[in-house]
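Student: Hey, could you walk me through this one? I'm new to it.
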Amino acid sequence: MKTCLVVDDSKVIRKVARHILETLEFTVSEAGDGQEALDSCRVSAPDVVLLDWNMPVMSGIEFLRALGQEEFETRPKVIFCTTENGIAHIRAAIDAGADEYVMKPFDRETLESKFQLVGVA
Ligand SMILES: [Mg+2]
């Protein structure tokens, strides 16, 4: 099974994402901010990270930059989540190493197609 780390400060969004991803046959783990996510990746790197942008402690972009400094046998793919209002962040996120983005609120079809785009579905 493929593994996905869902990173979001909203427990509700993590729960929704987990539910969708489990129907797509992913093993899901969760982190509530970028630092937790980084710690988790250091212990065991997932195949893909679904990454929120605005979070306390360490934001999505800070996480991306920190992840870029880490050594991985296989670097996790990163899909970051944005909103209509946050679309200006896409360039910055891609420059920082994100592979794809998805608009919130996302549904199963959107997530599945994005995961296929980065080669993990
Ligand atoms: Mg957030």
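Student: Why does the radius of gyration of the protein chain agree with a compact globule?
Tutor: A compact globule with 121 residues would have a radius near 14 Å, and the protein chain has 13 Å, so the two agree. That radius is taken over C-alpha atoms, and the globule rule is 2.2 Å times the number of residues to the power 0.38. Keep in mind that this is a predicted model: local features need pLDDT of at least 70, side-chain atom pairs count only at pLDDT 80 or more, and totals for chains, interfaces and linings use all residues. Residues are numbered from 1 along each chain as its sequence is written.

Student: OK, and how many helices and strands are there?
Tutor: The protein chain has 5 helices and 5 strands. These are DSSP runs numbered from the N terminus, with helices being H or I of at least four residues and strands E of at least two. From the N terminus on, they run β-α-β-α-β-α-β-α-β-α.

Student: In which order do the strands sit in the sheet?
Tutor: The order is β2-β1-β3-β4-β5, in an open sheet with parallel pairing. Two strands pair if DSSP finds at least two bridges between them. At the edges are β2 (26-31) and β5 (100-103), each pairing on one side only.

Student: How many bridges join β3 to β4?
Tutor: There are 4 bridges between β3 (residues 48-51) and β4 (residues 77-82). Val 49 stands opposite Val 78 in β4.

Student: New topic: what percentage of the residues is buried?
Tutor: Buried residues make up 35% of the 121. Buried means 20 or more other C-beta atoms, placed from the backbone, lie within 10 Å of a residue's own.

Definitions and conventions
A residue is buried if 20 or more other C-beta atoms lie within 10 Å of its own, exposed if 12 or fewer, and partly exposed in between; C-beta atoms are placed from the backbone.
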